[in-house]
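Have the viewer open as you read.

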Amino acid sequence: MERILVRALFFIFPFLISSALGTEPPLELSHLTLELLESARNPKFFDWLVRARRKLHENPELSFEEFETSQFIRTELESLGINFTWPVAKTGIVASIGSGAHPWFALRADMDALPIQEMVEWEHKSKKDGKMHACGHDAHVTMLLGAAKLLQQRRNELKGTVKLVFQPGEEGRAGAYHMLKEGALDKFQGIFGLHIIPDLPIGTIGSRAGPFMAGSGRFQATIQGIGGHAAWPHKARDPVLAMSSAIVSLQHIISRETDPLDSRVITVGFVKGGQAGNVIPETATFGGTFRSMTVEGLSYLQKRIQEVIEVQAAVHQCNATVDFMEDKLIFYPATVNDEGLYSHAKKVGEHLLGGESNVHHLSMVMAAEDFSFYSQKMPAAFFMIGVKNETMKSGTPLHSPYITIDERVLPVGAALHAAVAISYLDEHSVGSN
């Protein structure tokens with residue numbers, strides 16, 4: 001009997017202390033994640049998520065043109081009684097839930113669509129010709145709105161403040177950079193983001209600590225030659241031949257100047273020359289992207305791309321200009337996950353999704369993401385969330401006009417967002433161990 005009493009006091013004592021201090025102990029993580037997921041999967045809640053996502057999918061807007069999207073988000077936030085700051089970086093929004101006290105922890109969703117014509121025939125197909133949510137940003141916004149609703153229901157229990165970052169212009173326009181530049185994320189202690197991935201099944205997530213996604217830049221080169229008739233090439237200076245030599249030589253930067261254990265990419269994605277088979281054109285234009293996992297790597301590639309193109313043009317008695325378009329297309333740094341925050345989100349995911357087997361350790365990828373700008377400013381964790389469902393053929397790659405997603409991901413993402421934020425505040429609030 002004495003042993004039983006001692007064991008009982010061991011479990012009850014912390015609650016007695018908490019009551020005496022006027023505080024409540026944080027919810028045990030398994031209990032928290034279960035509550036949040038059950039709430040998000042409630043039929044009424046789920047139907048609201050699906051309606052929101054389909055409304056957004058029907059009305060895609062390109063980078064920094066997300067005016068209707070932004071209005072839709074603001075209307076939903078207002079209906080939930082959530083305060084927000086707007087506009088940030090033209091169409092962006094930063095909302096706040098909690099006491100306003102520190103720590104401030106952020107959850108982020110990007111809002112913009114792509115200039116792609118949707119080819120999926122369904123009731124909620126894009127209503128805007130040549131525009132489509134082909135990268136899942138409609139789902140990202142919906143999951144964050146779902147998290148907003150879950151968090152607002154628990155606003156009086158939060159041990160700090162959750163900031164909801166609805167960001168414009170991720171697709172090549174560095175919206176995150178502009179949000180930071182305007183000071184919208186000053187004094188934040190950490191940030192978490194999700195991105196759908198068609199390769200992982202529904203009910204799973206994945207990421208890795210440290211470098212996760214590449215830094216990237218763009219370039220466009222124009223080679224000026226002397227045009228002429230194809231029958232007399234000696235009287236011309238052929239920019240197409242110079243362009244061909246330059247393109248081949250660029251690959252030598254990767255194969256002969258880069259450590260084989262280092263990850264770098266140079267890809268030429270378009271070429272443009274003359275329009276007649278028997279005419280040597282005056283100019284030829286080409287361009288592409290370069291990527292690296294480090295800032296130093298990006299800088300080196302930029303330098304060598306310019307040198308190689310200019311020298312190869314000179315070899316063929318032509319001139320070259322190389323434009324890196326940094327005024328319009330800011331280089332993205334690599335996305336680097338903070339080890340501590342990654343471990344925290346991983347632990348939350350394991351509790352939410354039923355174990356380690358549903359939280360995958362992913363390889364580094366050479367795709368780029370402007371969440372990277374946040375990771376330079378504060379501890380950040382960026383995770384992929386699976387949307388694959390074999391029965392509905394939802395494994396089509398991102399940026400495809402045929403992409404579809406399993407909408408059951410929406411409550412999972414909403415609950416994961418909320419659980420990561422709540423448990424972070426519990427662990428980092430003033431006075432916590």
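Helices here are DSSP runs of H or I with at least four residues, strands are runs of E with at least two, and both are numbered from the N terminus. With that settled, Tyr342 is found in helix H9, which covers residues 339–353. Keep in mind throughout that this is a predicted model.

**Confidence first**

The mean pLDDT of the protein is 93, and 93% of its residues reach 70 or more. The stretch to treat separately is residues 1–26, where the pLDDT is below 50. Apart from near neighbours in sequence, that stretch has 5 contacts in the model.

**Around Tyr342**

Is Tyr342 buried or exposed? Its relative accessibility is 8%, and the cut-off for buried is under 20%, so Tyr342 counts as buried. What does Tyr342 touch, leaving aside neighbours within four places in sequence? The contacts are Ser207, Arg208, Ala209, Asn337, His361, Ala381 and Phe383.

On the H2 side the contact is made by Ser39, Ala40 and Arg41, while H3 brings Pro43, Phe45, Phe46 and Leu49. By residue type, the contact of H2 with H3 splits into 5 nonpolar, 1 polar and 1 charged.

| Site | Feature | Value |
|---|---|---|
| Trp86 to Pro87 | cis peptide bond | omega about -5° |
| His102 to Pro103 | cis peptide bond | omega near 5° |
| Met325 | positive phi, not a glycine | phi about 50° |
| His399 | positive phi, not a glycine | phi near 70° |

Where do the two prolines sit? Pro87 is in strand S1 (residues 83–88), whereas Pro103 is in the loop between strand S2 (92–98) and strand S3 (104–110).

Met325 sits between strand S13 (319–323) and strand S14 (335–337), and His399 lies between S16 and H11. Met325 is buried, because its relative accessible area is 17% and the limit for that class is under 20%. His399, at 39% relative accessibility, counts as partly exposed.

**The loop from S16 to H11**

The loop that holds His399 also holds Lys393, and runs between strand S16 (380–388) and helix H11 (409–428). Lys393 has a relative accessible area of 71%, and exposed means over 50%, so Lys393 counts as exposed. From Lys393 to Ile405 is 12 residues in sequence and 8.7 Å in space, C-alpha to C-alpha.

**One span from the record**

UniProt, in an unreviewed entry, places the feature "domain: Peptidase M20 dimerisation" at residues 215–313. In the model, the end C-alpha atoms of residues 215–313 lie 28 Å apart. As for secondary structure, the span is 38% helix and 33% strand.

Conventions: Residues numbered from 1 in each chain as written. Predicted model: local features only at pLDDT ≥ 70, side-chain atom pairs only at ≥ 80, totals over all residues. Heavy atoms only, no water. pLDDT = per-residue confidence, 0-100. Contact = heavy atoms within 4.5 Å. Buried < 20%, exposed > 50% of the residue type's maximum accessible area, 1.4 Å probe, protein only. Nonpolar A, V, L, I, M, F, W, Y, C, P; charged D, E, K, R; others polar. UniProt positions renumbered as here; feature names shortened; annotations may be inferred.
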